[in-house]
Amino acid sequence: MAGLATVFGSGAMTNSIPEIENNDVIFVIGSNTTETHPIIALRMKKAFRKGAKIIVADPRKINLVRFSELWMQQRPGTDVALLNAIMHVILKEKLIDKKFIEENTEGFEAFRKSLAEYSPEKAEKITGVPKKDIIAAARLYGKANNPAIYYTMGITQHSHGTQNVFAIANLALMTGNLGRESTGVNPLRGQNNVQGATDMGCIPNQYPGYQKVDIKDIQEKFETAWGVPLSDKPGLTATEMIEEAIKGNLKSLYIMGENPAVSDPDINHTVEALKKLDLLIVQDIFLTETAQLADVVLPAACFAEKDGTFTNTERRLQRVRQAVTPPGDAREDHSVLLELSRRMGHAMNNQSPEEIFREICSIWPAVAGITYDRIDSWGIQWPCPTPDHPGTPYLFKQGFPRGKALFSTVHYEQSRELPDKKYPFVLTTGRQLFQYHTGSMTRRVSELDQVAPHAYVEINPDDAEKLKIKNEEMLKVSSRRGEILIQALISERPSKGVVFIPFHYKEAAANILTNPELDPICKIPELKVCAVRIESAKGEKYEKGVRRIKKTEKSTSV
Ligand SMILES: Nc1nc2c(c(=O)[nH]1)N[C@H]1C(S)=C(S)[C@@H](COP(=O)(O)OP(=O)(O)OC[C@H]3O[C@@H](n4cnc5c(=O)[nH]c(N)nc54)[C@H](O)[C@@H]3O)O[C@H]1N2
Ligand SMILES: Nc1nc2c(c(=O)[nH]1)N[C@H]1C(S)=C(S)[C@@H](COP(=O)(O)OP(=O)(O)OC[C@H]3O[C@@H](n4cnc5c(=O)[nH]c(N)nc54)[C@H](O)[C@@H]3O)O[C@H]1N2
Ligand SMILES: [Mo]
């Protein structure tokens, strides 16, 4: 998948946001778009009013289901089986784009054969989605002129997340829905500037612009640009660092703008790892749960207090301008880094955000044509290689980076922890509209606290009846790693046997329960599937806003 994976690895949308309006089929899989990307969801609704048909594949009855032609409620963790069966039907009903496959792709034969075993009947057994709906989805997507796929964490946060993404890429490739306007494979990026962070090499094996650290020419290019010798060894991913800290191999850690003591899976384990470090430095705008464990806290300025650029989910570089001055000792992140570097004996030349931006454009060819002047009033989408280039709304118009796109053969694998007698429910975790991640920012806003004041576990009415649970009753939810106290929210959203907890609330942190198993390729944790037990919490003490950490039998840190 080399060619496509480079781009999907960057997680950018292949196509742009305005193009959504002209999709005739919108396939949303594992994205609660109306709550997590509400502006993009507005475009989807606009397309819907223009006649687009929406297919939703999500284990929960999310808001977008109301607008959908078809909703497939798969069991969490079964997307490969679902997607392969959709492709099985597309193949059988001759809805593939033969010309596109011949001209633009490789590996079709092996891929075609791999689909044989994924009949809709078999997929129904694995996924719980009725055969007729799988066939209907294949026909809707396969016959559309401008269909696009939108996905997010429901697809990636699995021990087989990479396989899920490959399956999605296969679906777009076999139907020729890449490299054209209003089509594509579109992962919606989560944070305002996570695209920019990835573009800038906040990945252990790449320098800015997806340039690999272990390629000699690239190593030399960056050594010349920066005037320092550089290592050719890929570093560790964030999740691997926790393991190395536990083993005692990682001695110090500098965390900027993350709160892993609440956002990492199996928090008991994470906190133990952070405590084991010789030196923990945390640079944040607030004294978070992670910062409280630090030896040194560096106060940072927030987005409204600094200059620079943010790059959004459609690869658009945009200017950010300082609106207010930072409070107290808080400083812009880049100036803290410059000062640290100077004190450690390496004074950097580039000081202002604009100078740093010029350096970026000089070492990453895809943005070589962009200047502060050009993005003064409106951003530009990379690639933009020359000063007269208008930017690129959608990728692959002129073919794929590796020449031909490669089909991958992917097979269904079960999630690592499945329900059993002791832990009979599947827990899936995620977000809701009114809170953001670990709540370190949003839970300080009293208006948001009024609408979304506490954690809850969504549970299907049939399950609630069986367990004699009343709405809003306090429950104890436990997994092999820990337990939390949390209110019941009886809801038709999850199916029987599946429960959902938003991970925003430290006093009932979903991540005390989650499974830290990783996808072997991209090292993302399996945050969307683990096994839990649900009981009444009678006699247990619960305090709003007070962190409660309790281990159970097999927390990996015990
Ligand atoms: N309000 C708000 N918005 C946010 C954020 C926030 O914290 N709050 N965070 C931002 C960030 S960083 C991100 S990454 C995005 C994430 O955005 P999303 O990925 O949309 O958010 P999630 O709630 O994590 O999960 C999405 C959906 O995946 C479904 N799901 C669970 N298990 C599975 C499965 O096995 N297969 C499939 N196909 N679906 C499954 C869930 O039911 C859920 O509806 O949101 C961004 N936007
Ligand atoms: N169970 C479960 N866990 C999950 C997920 C899930 O779906 N389920 N989703 C995962 C995903 S996709 C994500 S993205 C993570 C998010 O996890 P985190 O990134 O750890 O969560 P945030 O609360 O967004 O933490 C960001 C921190 O940055 C600080 N900050 C804000 N602006 C600035 C700034 O300008 N400079 C500096 N230095 N700091 C700043 C904030 O105060 C905050 O403490 O959670 C992951 N964890
Ligand atoms: Mo995210």
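## Where domains 1 and 3 meet

In this predicted model, 23 residues of domain 1 are in contact (heavy atoms within 4.5 Å) with 23 residues of domain 3. In domain 1, Glu35, Arg60 and Gln157 lose the most area to domain 3, together 36% of what that side buries. Buried area is the accessible area, found with a 1.4 Å probe, that two parts lose on being put together, summed over both. Between these two domains it comes to about 1,800 Å², with carbon and sulfur atoms giving 55%.

The protein as a whole is divided into domain 1 (2-188), domain 2 (194-381) and domain 3 (425-536); the bounds come from an automatic or database domain assignment. The centres of domain 1 and domain 3, taken over C-alpha atoms, are 27 Å apart.

## How the model is read

Residues are numbered from 1 along each chain as its sequence is written, while chains are lettered from A and ligands numbered from 1 in the order in which they are written. Local features of this predicted model need pLDDT of at least 70, side-chain atom pairs count only at pLDDT 80 or more, and totals for chains, interfaces and linings use all residues; side-chain values use heavy atoms, with hydrogens and water left out.

## Polar and charged pairs

Between domain 1 and domain 3 there are 10 residue pairs in polar contact, both residues at pLDDT 80 or more. A polar contact is a pair of N or O atoms within 3.5 Å; within protein, one must be able to donate a hydrogen and the other to accept it, and residues adjacent in sequence count only if both atoms are side-chain atoms. On the side of domain 1 that touches domain 3, helix H2 (33-36), helix H9 (153-156) and helix H10 (161-174) each supply at least two residues. Helices (H or I, at least four residues) and strands (E, at least two) are DSSP runs, numbered from the N terminus.

Two salt bridges cross the interface of domain 1 and domain 3, where a salt bridge is a side-chain nitrogen of Lys or Arg within 4 Å of a carboxyl oxygen of Asp or Glu. Arg493 and Glu35 meet in a salt bridge through their side chains (2.9 Å, N to O). The structure holds 32 salt bridges. Arg493 lies in the loop between strand S19 (482-490) and strand S20 (498-502) and Glu35 in helix H2, so this pair ties together parts that are 458 residues apart in sequence.

## A three-stranded sheet

An open, antiparallel sheet has its three strands in the order S12-S13-S14. Strand S12 (308-311) and strand S14 (380-381) stand at the edges with a single partner strand each, so one side of each has no neighbour in the sheet. Two strands pair if DSSP finds at least two bridges between them; four bridges join S12 to S13 (residues 316-320). Thr311 has Leu317 in S13 as its bridge partner.

## Backbone details

The peptide bond from Trp382 to Pro383 is cis, with omega near 0 degrees. Pro383 lies in the loop between S14 and strand S15 (405-406).
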